[in-house]
Amino acid sequence: MDKINILWADDEIDLLKPHLLFLKEKGYEVKTANNGQDAIDMFGAGNFDIVFLDENMPGLSGLETLSRIKALDAGIPIIMITKSEEEHIMEDAIGSKIADYLIKPVNPNQILLALKKSLDNKRLIKEKTSSAYQQEFRNIGMSMSDKLSPEEWKEMYRKLVYWELELSKSQTEGMDEILAMQKTEANNLFSRFVANNYISWLNGSAKDAPTMSHTLFKNKIVPVIDQSDSTFFILIDNLRFDQWKVIQPILSEYFKVETEDMYFSILPTATQYARNAIFAGLLPSEIERRFPKLWLNDDDEGGKNMHEAEFLADQLKRLNRDCKHSYHKVTNHATGKKLAESIPNLMSNKFNVIVYNFVDMLSHARTEMEVIRELADDEAAYRSITQSWFEHSPLLDIFKQLAERKVNVVISTDHGTIRVKEASKIIGDRNTNTNLRYKQGKNLQYEKKDVFEVKNPLDAYLPRTNVSQTFVFAKEDMFFAYPNNFHYYVNYYRNTFQHGGISLEEMIIPFVVLSSK
């Protein structure tokens, strides 16, 4: 490895010879200056990796020298050394973007630590993260099976997301591939787990059935409404748990996280089914039976989520929570800005619902628009573009306004999305729906190993439009493709983000309760 070149400027440099010898023994190359102007001249003529700068020098002060060196190279790490502990000097130095500061007298180990923090920080974090995941890899693998309970699967997914984010931050080469393999194995086992237990969760025969879309409101949202004068439920369509984790730090400036949990989406993990189930507090076949004029099936014309406000009002009445409430749906920037301006008018309501559609539109745009595909090339980029949108969205303005008022805020979603990779052939008639992760129709032909099949839709509380109708849900990262033009469609849709089927990313989704700080 090439030697690290240090420039050390101090008007008492002769007194620092022990420190200089110490650094030389450790393999560092040190050049010295005893005033600010000489330091600037040497820096301009040399090639240095880091600068140590005494704050109190005759002639040019340390802070003046700092600003001039930064003008030559804004990215150079500078460590300020000072005799003074005065707060304003430290603030000025930190404001000038120093890498670190030390207070005299300094000992050699302090200097070595400052060097490592400034120069080796990324490498050390990367090595530590990689080592920690290697230890956790075995623990996760040993505890992974399709016999985990729903709560254990939630914890398993939480761990996988944690390590995905940590490895992504440290950009640890090789480890991210190992994690991807572990996620693939987890999704394989999770798909088997859901296929074995899903029907029993819905019909009440399972003792450990998780909270799901149709029970979310009763189990988790009503208790929040009951304990607050005003509650806002903000449903961000298609928000995965990892996407929540990247916007959480932004919201943590304004809110305390009272609850961070997850719940299970129903199947299909698609807006038409899952979101209607949330607001109705009913499963799809029950919604169809209770609201025969409002429910639309896949092959019916018209919007499939046009009556959430009516479903919500009906559920509040059934739960004896018939309070003053509002429902708003945001599908574009202008609508979001208009809603942000009207927040003060909603404060007299006991309960307010905001459905925000951006993330779902992002996933569809990524499929259809080449520029978005390039911007959101992988999972990390998909999270990054979500974070960037949120930081500049009217939705953040809404959150800031709510943080100034004494309200509880619930954040959740209707389903997640998965990056699909493997195609599974399917054959259906012209009435078969177009979703890539689930199909429903009559006389479907498919690869049984790739799907969870429901021969009788009523078993899964799904509307049945004819006696030979079947639902099939793609497992893991599969997506359906027809034999006609198979290779074209496979190449077009591979690595796009889709929803409707069974995966950790689609089914185990965030439920968060915030309170104003």
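These legends walk through a few close-up views of a predicted model.

**View 1. The largest nonpolar core.** Here we're looking at a core of 103 residues, the largest nonpolar one. The residues with the most contacts inside it are Trp153, Phe190, Tyr198, Phe399 and Ile411. Helix 8, running over residues 175-203, supplies the largest share of this core, with ten residues. Apart from it lies another core, made up of 19 residues, including Ile79, Ile81, Ile111 and Leu112.

**View 2. The surroundings of Phe190.** Which residues does Phe190 touch, leaving aside those up to four places away in sequence? Trp153 and Phe264 are on the list, and so are Ile502, Ser503, Leu504, Met507 and Ile508. Phe190 and Trp153 both turn up among the residues with the most contacts inside the largest core.

**View 3. A cis bond at Pro105.** Lys104 is joined to Pro105 by a cis peptide bond, with omega near -5 degrees. To find Pro105, look in the loop that links strand 5 (100-103) to helix 5 (108-119).

**View 4. A cis bond at Pro268.** Going from Leu267 to Pro268, the peptide bond is cis, and its omega is near -5 degrees. Pro268 sits in the loop between strand 7 (255-264) and helix 11 (271-280).

**View 5. Positive phi at Tyr461.** Tyr461 isn't a glycine, yet its phi is positive, at about 55 degrees. Its loop runs between strand 15 (451-454) and strand 16 (469-474). Is Tyr461 buried or partly exposed? With a relative accessible area of 22%, Tyr461 counts as partly exposed, because buried means under 20%.

**View 6. Positive phi at Glu476.** Glu476 isn't a glycine either, and has a positive phi of about 50 degrees. Look for Glu476 in the loop between strand 16 and strand 17 (478-481).

Key
Residues numbered from 1 in each chain as written. Predicted model: local features only at pLDDT ≥ 70, side-chain atom pairs only at ≥ 80, totals over all residues. Heavy atoms only, no water. Core = buried A, V, L, I, M, F, W, Y, C linked by side-chain atoms within 4.5 Å. Buried < 20%, exposed > 50% of the residue type's maximum accessible area, 1.4 Å probe, protein only. Helix = DSSP H or I, 4+ residues; strand = E, 2+ residues; numbered from the N terminus. Contact = heavy atoms within 4.5 Å.
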